Amino acid sequence: ITCLAFIYRDGVSSRGRKPKEAVRLFEEAAAAKDRLAMANLAAMYFDGDGVPKDETKALNWYRRAAEANLSYAAHQMGMMHLQGWGTRSDLPEAVA
């Protein structure tokens, strides 16, 4: 499911980009505990790609992916805490 979501997100087919379909597929894969899907869903919420921009939802999806041991998601979550994106700026939380 996640691979198909990447194809729709990136437009790697003759049908071009379909970000809303990518979000739907990432949500389905994230519900099945796919940590890459969680992190990519977070990025789509952060960028407002296929969904309305929502930094709080992005932070929550990065948190779930980080809890599933995806180091990239933990890094992104730290950056969000440092910059105050989707939450208040919190240096101790950012480096935790």
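Asn69 sits in the loop that links helix 4 to helix 5, where helices are DSSP runs of H or I with at least four residues, numbered from the N terminus. Its phi angle is near 70 degrees, a positive value in a residue other than glycine. Most residues other than glycine have a negative phi. Asn69 is also exposed, with a relative accessible area of 64%; here exposed means over 50%, buried means under 20%, and partly exposed lies in between, using a 1.4 Å probe and protein chains only.

The model described here is predicted, so local features need pLDDT of at least 70 and side-chain atom pairs count only at pLDDT 80 or more, while totals for chains, interfaces and linings use all residues. Residues are numbered from 1 along each chain as its sequence is written, and side-chain values use heavy atoms, leaving out hydrogens and water.

In soluble globular proteins, nonpolar side chains tend to be buried together.

Leu41 belongs to helix 3 and counts as buried, at 0% relative accessibility. Leaving aside neighbours within four places in sequence, Leu41 is in contact (heavy atoms within 4.5 Å) with Val23, Phe26, Glu27, Ala30 and Trp61. Leu41 and Tyr62 are 21 residues apart in sequence, and their C-alpha atoms are 8.5 Å apart in space. Trp61, in turn, touches Ala30, Met38, Leu41, Ala42 and Tyr45, not counting residues up to four places away in sequence.

The packing of helix 3 against helix 4 gives these contacts a setting. The two helices pack at an angle of about 165 degrees, with their axes 8 Å apart; axes are lines fitted to C-alpha atoms over the stretch in contact, and angles run from 0 to 180 degrees between N-to-C directions. Helix 3 and helix 4 are therefore roughly antiparallel to each other, a term for angles over 145 degrees. Residues of helix 3 that meet helix 4 include Met38, Leu41 and Tyr45, and among their counterparts in helix 4 are Ala58, Trp61 and Tyr62. By class, this contact has 11 nonpolar, no polar and 4 charged residues; Ala, Val, Leu, Ile, Met, Phe, Trp, Tyr, Cys and Pro count as nonpolar, Asp, Glu, Lys and Arg as charged, and the others, Gly among them, as polar.

Helix 1 (residues 2-10) and helix 2 (residues 19-31) form another pair, with axes that come within 8 Å and cross at roughly 160 degrees. That makes helix 1 roughly antiparallel to helix 2. Their contact has 9 nonpolar, 1 polar and 2 charged residues. Among the residues that meet are Leu4, Phe6 and Tyr8 in helix 1 and Ala22, Leu25 and Phe26 in helix 2.

Methods: Parallel < 35°, antiparallel > 145°, perpendicular 65-115°, else oblique.
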